[in-house]
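Here is a short briefing to read alongside the coordinates. Take a look at the chains first, and then walk through the points below.

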Amino acid sequence: MTEASYQATSFPASPTDAQGALLAADGTPLKLKLRQSMRASRMRAFGLVLPLLIFVLASFVIPILVLLWQGVYNGTYENDMPRSAPIMRAWDGASPPSEAMAEAMVLDMVDARKAKTIGKVATRVNRELSGTRSLFTKSARRAAKMEAPYLAALEKADKDWADLETWRAIKIAATSLTPAFYAAAVDAKYTADGAFEMQSEERRIHVNLFIKTMLVSGAVMLACLLLGYPVAYLLAHLPMKTSNLLMILVLLPFWTSLLVRTTAWIAMLQSQGVLNDIFVWIGITSDDSRFSLIYNMTGTLIAMTHILLPFMILPIYSVMRAIPPSHVRAAKSLGATNWTAFWRVYFPATIPGIGAGGLLVFILSIGYYITPALVGGQDGQLISNFIAYHMQRSLNWSLAAALGGILLVIVLILYWLYDRIVGIDNMKLG
Amino acid sequence: MTEAATDRPFVHFDGVQKSYDGETLVVKNLNLEIAPGEFVTMLGPSGSGKTTCLMMLAGFEAATSGEIYLKGQPINNVPPHKRNIGMVFQNYALFPHMTVAENLAFPLQVRKMRRADVKAKVARALGMVQMDDFGNRKPAQLSGGQQQRVALARALVFEPELVLMDEPLGALDKQLREHMQYEIKHIHEQLGVTVVYVTHDQSEALTMSDRIAVFDDGVIQQLAPPADLYERPDNAFVAQFIGENNRLPGIVSAIENGVALVTLDQGPDVQALAVNCGAVGSRTMLSIRPERVQVNNVAGPNRLDGHVLELIYLGDHIRCRMQVCGRDDFIVKVPNSPEHAMLREGETCTVGWNTDDCRALDLAPGAM
């Protein structure tokens with residue numbers, strides 16, 4: 001073979017040290033020398049990214065970590081009820097409440113009422129056992145006048161203090177580092193004796209919501225693929241002039257505000273909207289039985305597919321552009337019909353683009369918020385809307401953080417699966 | 001050759017024209033007949049229409065007018081996958097997601113061949129190009145030369161009678177290219193398939209072909225075996241395109257028994273073979289190969305003064321640039337032999353040639 005003649009000729013051996021590492025001409029080890037010579041350029045590169053790095057750390061990474069931390073750590077009770085918290089944690093959760101527990105509780109209540117933090121504490125305990133909020137606020141009002149024995153005084157103020165469940169709920173709230181919120185995020189309940197039990201059927205919402213979110217994301221991804229693949233093909237194979245025009249049409253949504261696009265869909269889809277008017281006009285439906293295309297799951301699916309379509313088209317397009325036309329020609333010259341040439345030669349070459357686009361659309365839609373919030377109505381809400389609800393309305397940040405943490409883990413698992421099945425090196429974003 | 005040569009051509013381009021925009025013709029009235037088992041090369045500069053001709057034959061471009069016949073059957077309306085023509089592409093076009101063996105099996109699978117037959121044929125094709133041990137590799141794991149071999153094997157594995165090659169060696173380095181030229185030539189001889197080969201590399205064309213069609217401007221300028229093309233070019237373009245060529249412009253002053261008497265623009269009258277020079281009084285371009293120029297001991301009637309401008313030592317010969325008849329691009333190859341003239345820069349000498357070695361051709365556009 002001619003290739004044999006391309007072997008490199010061997011150079012005289014370079015000097016090495018005792019360990020066999022190569023030495024540079026001045027006697028220092030070659031690796032050290034290389035590192036020294038690269039240092040200046042490395043420092044310069046680091047200097048260039050430093051401002052962005054600081055910005056991202058300060059405004060993005062650290063807040064996210066703090067929020068995630070809240071998912072497993074809620075110090076409300078411990079901070080505002082400093083006497084009671086350690087005693088409650090030490091309690092075994094089974095024996096009758098002791099006088100010491102009651103005394104610490106009453107003294108803390110007095111302080112908390114003065115500091116106006118009793119409401120926060122009451123809300124925290126209420127999350128573990130509903131109904132305890134009023135118990136706390138009511139008892140705290142009377143706490144200043146209570147005298148020993150405190151246990152009896154508490155029970156006199158409200159008979160719920162005699163219930164062991166109340167004290168157990170307090171014990172959970174008193175433990176700052178707790179899996180309770182993650183348990184709640186997957187519809188389970190963390191009990192005072194450290195066990196988990198599932199919520200009753202009618203109170204389970206989160207797991208179903210996660211499943212629904214995944215299904216919606218999968219459906220949106222599939223719809224984007226089915227609609228986007230032919231467009232990407234056209235873009236990649238039309239003459240430059242035409243394809244540039246088409247490309248602008250694909251990119252146009254990117255240049256329009258998300259809010260504008262979503263509200264445009266409201267105008268299109270609502271029951272007195274453009275689409276329904278057309279349906280009535282051409283007789284698909286009658287005026288009094290217009291389709292409900294918005295403020296439900298249909299609206300969410302339609303609007304999300306439209307908004308995420310470019311994220312599918314662009315990676316596929318860029319992969320298609322790189323496929324040499326000679327591959328399909330070769331397949332045809334070898335006897336393959338148009339369909340065989342496409343399916344066995346062209347399509348496999350586009351898989352990296354499909355993978356990238358699919359992953360991108362799926363991950364984006366799993367955390368999609370504004371579109372479902374605007375057009376989703378009641379049944380078109382996704383997990384992100386619940387996270388927003390707990391952040392803004394119920395102010396249960398720890399539960400929001402736990403839900404977000406689970407979402408993050410799901411995305412990471414998907415990413416890992418993708419890497420295992422397709423290979424992340426195979427992903428082409430553009 | 002697999003079949004006895006018939007009087008019916010294997011491939012026949014009949015008045016084929018091709019235009020992409022309806023305004024200019026890329027291929028102008030192509031008529032070409034190729035015999036079974038022949039190795040025909042389409043040679044020409046880029047944009048001369050040679051690849052377009054190949055693509056029309058393969059079925060990827062439609063002829064704008066005229067008809068192409070394969071084994072006597074018109075194929076203009078036959079889709080590429082039914083033409084049963086093997087093709088080797090410029091960048092090999094191996095399918096990157098398939099192994100070498102899967103690439104080779106592809107044409108057999110689409111023909112619904114039995115699994116055992118596929119395996120045997122793939123093994124045989126790999127053996128033919130000496131790639132037996134590479135069946136499980138992906139194309140990306142092969143060197144350029146190896147990919148080239150696989151592409152060749154894939155174009156041959158389904159035993160087509162006609163194989164098209166579109167500059168298949170263009171991406172290889174010089175040494176490997178020369179090696180592959182011989183290998184392709186040997187496979188052609190061994191299998192007896194008809195090959196249509198496209199290249200812009202004249203040495204490649206000369207090495208491999210039975211006949212060469214020199215393309216320029218959408219027209220076949222000359223169709224001839226390699227030796228004829230070099231020794232007896234029909235026109236100034238072919239003389240210029242194939243090998244090195246000295247040109248001297250002049251006016252035909254007489255034609256006698258196929259020999260033209262030409263008055264050079266800045267020199268005496270000389271004799272040349274009247275090949276393509278028109279009638280008496282028309283302008284002509286004399287063409288002489290550098291190795292056919294005699295220096296100092298000139299025997300014949302054609303003698304000119306040469307002024308040595310530059311000498312380049314090339315081992316087996318010395319390349320000498322001279323000023324002759326006012327043109328300073330006159331090249332002479334002086335063999336490096338003891339009996340031959342020693343030249344020095346700045347020296348004046350006599351150059352000349354046998355009348356048979358000098359051809360009076362047309363005045364190609366831009367040839368001045």
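Chain A is divided into three parts, namely domain 1 (23–58), domain 2 (76–200) and domain 3 (206–426). Chain B has 368 residues, of which 41% count as buried, and its secondary structure comes to 8 helices and 20 strands.

**Confidence**

- For chain A the mean pLDDT is 87, with 95% of the residues at 70 or more.
- Within chain A, strand E2 (residues 196–198) has the lowest confidence, at a mean of 85, while helix H10 (residues 206–237) has the highest, at 94.
- Residues 1–10 of chain A have a pLDDT below 50, and this stretch makes 6 contacts in the model beyond near neighbours in sequence.
- For chain B the mean pLDDT is 88, and 96% of the residues reach 70 or more.
- Residues 1–5 of chain B also fall below 50 in pLDDT, with 8 contacts in the model beyond near neighbours in sequence.
- Where pLDDT is low, the predicted coordinates should not be read in detail.

**Where the chains meet**

- The contact between the chains involves 17 residues of chain A and 22 residues of chain B.
- On the chain A side, helix H15 (325–333) and helix H16 (338–366) each supply at least two of the residues that touch chain B.
- Which helix gives the most to this side of chain A? That is H15(A), with 6 residues.
- Sorted by class, the side of chain A that touches chain B holds 7 nonpolar, 7 polar and 3 charged residues.

**Inside chain A: domains and a helix pair**

- The C-alpha centres of domain 2 and domain 3 of chain A are 47 Å apart.
- These two domains do touch: domain 2 of chain A puts 7 residues into the contact and domain 3 of chain A puts in 8 residues.
- On the domain 2 side, helix H9 (residues 180–185) of chain A gives the most, with 4 residues.
- That side of domain 2 of chain A, where it touches domain 3 of chain A, consists of 5 nonpolar, no polar and 2 charged residues.
- Two packed helices are described by the angle between their axes and the distance between the axes.
- For helix H4 (residues 99–114) and helix H7 (residues 150–157) of chain A, the angle is about 65 degrees and the axes are 7 Å apart.
- Glu99(A), Ala102(A), Glu103(A), Met105(A) and Val106(A) come from H4(A), and they meet Tyr150(A), Leu151(A) and Leu154(A) of H7(A).
- By class, the contact of H4(A) with H7(A) has 6 nonpolar, no polar and 2 charged residues.

**Chain B: overall form**

- The C-alpha trace of chain B spans about 75 × 45 × 40 Å along its principal axes.
- Counting contacts in chain B between residues at least 6 apart in sequence, 65% join residues at least 24 apart.

**Chain B: a four-stranded sheet**

- Chain B has an open sheet of 4 strands in the order E2-E1-E4-E5, with antiparallel pairing.
- Its edge strands are E2 (27–34) and E5 (73–74) of chain B, each of which pairs on one side only.
- E1(B) and E2(B) run antiparallel and are joined by 5 bridges, and His12(B) stands opposite Glu33(B) in E2(B).
- E1(B) also pairs with E4(B) in the antiparallel sense, over 5 bridges; here Phe13(B) has Ile68(B) in E4(B) as its bridge partner.
- Strand E4 (residues 65–70) of chain B pairs with E5(B) over 2 bridges, again antiparallel, and Tyr69(B) stands opposite Pro74(B) in E5(B).

**Chain B: the helix across the sheet**

- H1(B) lies across E1, E2 and E4 of chain B, at about 120 degrees to E1(B).
- Is helix H1 (residues 50–58) of chain B mostly covered or mostly uncovered? H1(B) is mostly covered, with 8 of its 9 residues buried.
- The buried residues in H1(B) are Lys50(B), Thr51(B), Thr52(B), Cys53(B), Leu54(B), Met56(B), Leu57(B) and Ala58(B).

Technical notes
Residues numbered from 1 in each chain as written. Chains lettered and ligands numbered in written order. Predicted model: local features only at pLDDT ≥ 70, side-chain atom pairs only at ≥ 80, totals over all residues. Buried ≥ 20, exposed ≤ 12 C-beta atoms within 10 Å, placed from the backbone. Pairing = 2+ DSSP bridges. Axes fitted to C-alpha atoms, helices over the stretch in contact; angles between N-to-C directions. Nonpolar A, V, L, I, M, F, W, Y, C, P; charged D, E, K, R; others polar. pLDDT = per-residue confidence, 0-100. Domains from an automatic or database assignment.
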